[in-house]
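Thank you all for coming; I would like to walk you through one structure this morning. Please have the sequence and the coordinates open while I talk.

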Amino acid sequence: MDVHAMVEGYRTELLERLSKLVAINSREGTPTPDAPFGEGPRKALDTALKMMADDGFKTVDLDHYIGYAEMGEGKELIGVVGHLDIVPANKEDGWDTDPFVMTEKDGIVYGRGVADDKGAVVASMIAMKVIRDMGIPVNKRVRLIMGTNEETGSKCLHHYVEKEGSVDYGFTPDGDFPGIHGEKGMVAAVYRSKKTGIRAIKGGTARNVVCPKCTAEVDKCSYSRRALEDYFNSFDLEYTITDKEATDEITLIGTAAHASLPELGVNAISYLLCGLKKAGYQDPFVDFYCSHFGTNYDGTGVGLNVSDEYGALTLNNGVISMEDGVITGSIDIRFPVTYTAKQIVKMFSEHLEDDGGVIEIKGSHDPLFFPADSPLVKLLLEAYQEVTGDMETQPMTIGGGTYAKSIDNTIAFGCAFPGKDYRIHNTNEWCPVDELLLQAEIYVSAIIKLLNI
Ligand SMILES: [Zn+2]
C-alpha cells in the first residue's frame, strides 16, 4: 500500500485541523472545576477529541485533564502521547504573524504550536486514520493520548497513569527523530546563606534557565572596583556599577540558556559573585558560592563531576534572591542516564555545608534509559529509516525531560527532524507542511511495527 499517497490525501484536512487547534490559546490558565488547567487547554482538548469522535474513533475524556482516541482491539496497548497546551505567545514579542492565526507561506506554516506539539498531534491523528483506511489487522489497541499540561508540570499525564495505567509500547512525538533513548535524571535543591555582608541581590528568571541578569548591592570600598571591572572585561561581559549612598549597585548581564545546556549560556550570578571574590570582597557566602559552584557548571565543587558515555552532569544556578538578610538560590542538576538519583544524592550529601552557606536537597528523579538495542528503540529507528532513508542519525540522549519520564515503556520519537530549529517556545514558531506529512508517514510505519512486535 502506498502510505505516502494515503497521507498526502489528507494534506488539506491536516492543515484545517492544525489551524483550528492553533487558533485556541491553550496556555495554562486559571483552573475551574470543569477546566483543571484553565479554559484554553480545556477547549483544545474538547476540539481535538471531537475531531476524532467525528471520525468514528472511540474517545474518552479523563476529567478534562487529558483524553484519548482509540482504535483496535486486544489486551496490549500502544500509546502515542502528544500535548495540546502551549507556552505563552504574544504578537508584541516579535512575531511576524499572529501566533494564533496559522499562516502558510512558501510551504511553511507559522503559529504557536505548529511544531510543539499540536502539529505532531494532528500528524498522529492522520496516522490513525491512514492505518484504519489500510484495513490491516489491528491486534492491539492503539491510543492517541492528548494531554493539556505538558509545558507546566505534566499533571495531565500523571492523571492518565493514575486512572488508566501505563502503556505496553509508546512514543511521545515531542522530542527528536530518530528517538531519544535516554533522558538525564534530575536533582532539585536550594542553597541559603548563613553569613553575608551583601545588602541585596536578585537575579534569574526560572530554575531551569541559566541566569541572564543579576544585580547585587555591596558596601562601597569593600572591594576593588578596578579589579572587578577588569574581571568582567576579561570575559567581555556587559555590566553597570551605580553609585548609591553607602553602596554600589552592580548589574551584570549574562546569557540565558536551558539548564540542560548550560554551556550555551553565561550565568550572571556566578560571574558576579566570582568577580567580587576576585576583586577582594571578603564574605563567607561569596566564598561558599565560589567554592561550591564557581563559574563552571559540571558539579565539581559539590563532588558531582561525573559523566558516562552519553554525557556529563550539569548544574545550573537559575535564580537568586534575598529576604530578611538571607540569600536563597535554586540548583538544577541533570545527571547522566546510567546513574541513579540515590547515587547522586549520596555523593552530593557530603558537600552541602560550610560557614557561609548550606544546601538543601528538595527532590530527585531517576533518569530514563533504554539501551539502544531494546526493541522499542530499534523498531522506531527502523520506522524512521525506512520512511526517510536517513541511515546516519542515531537515537540520542538528552538533558531535558519529556512525557516519556511520566509513563512506562515510552520514549520520545519525533517530531523534530535532525539539525532543525523550529523556534519552539520562541517567536515565529514554524514547521514545513511536507514535514508534518512526513511525520504522519513515519508514525504509521512506527505504529505498524509496534502492532507486529
Ligand atoms: Zn512539547
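Let me begin with E8, which is found in helix α1 (residues 3–8), where helices are DSSP runs of H or I of at least four residues and strands are E runs of at least two, numbered from the N terminus. Please keep in mind that this is a predicted model, in which local features need pLDDT of at least 70 and side-chain atom pairs count only at pLDDT 80 or more, whereas totals for chains, interfaces and linings use all residues. Residues are numbered from 1 along each chain as its sequence is written.

E8 is partly exposed because 14 other C-beta atoms lie within 10 Å; by the definition used here, 20 or more such atoms make a residue buried, 12 or fewer make it exposed, and anything in between is partly exposed, with C-beta atoms placed from the backbone. The C-alpha atoms of E8 and L438 are separated by 9.1 Å, although the two residues are 430 apart along the chain.

Turning to the whole chain, the protein has 11 helices and 25 strands, and 48% of its 453 residues count as buried. Its radius of gyration is 24 Å, which agrees with the value near 22 Å that a compact globule of 453 residues would have, the radius being taken over C-alpha atoms and the rule being 2.2 Å times the number of residues to the power 0.38. Along the principal axes, the C-alpha trace spans about 80 × 45 × 45 Å.

How is the protein divided by its domain assignment? Domain 1 takes 3–183 + 369–451 and domain 2 takes 185–365, with bounds that come from an automatic or database domain assignment. The centres of the two domains, taken over C-alpha atoms, are separated by 37 Å. Across the boundary, 7 residues of domain 1 are in contact with 10 residues of domain 2, contact meaning that C-beta atoms, placed from the backbone, lie within 7 Å.

Next, the cores, each of which is a set of buried Ala, Val, Leu, Ile, Met, Phe, Trp, Tyr and Cys residues joined through C-beta atoms within 7 Å. In the largest nonpolar core, which has 83 residues, A48, I126, A127, L380 and A440 touch the most other members. A second, separate core has 48 residues, including A268, L276, I320 and I331. Returning to I126, and not counting residues up to four places away in sequence, this residue touches V7, Y10, L14 and A440.

Strand β9 (residues 180–183) pairs with strand β22 (residues 396–398) in the parallel sense over 3 bridges, pairing requiring that DSSP find at least two bridges between two strands. Within that pair, I180 has M396 as its bridge partner. β9 is also joined by 2 bridges to strand β21 (residues 368–369), this time antiparallel, and there the partner of E183 is L368.

G170, in strand β7 (residues 169–172), counts as buried because it has 23 C-beta neighbours inside 10 Å. Leaving aside neighbours within four places in sequence, the contacts of G170 include I78, V81, I407 and T410.

I will finish with helix α8 (residues 284–292), whose buried residues are F285, V286, F288, Y289, C290 and H292. These buried residues pack against β10 (185–193), α7 (268–278), β19 (326–335) and β20 (357–365). After α8 comes G294, with a positive phi near 65 degrees.

Technical notes. Two residues are in contact if their C-beta atoms, placed from the backbone, lie within 7 Å.
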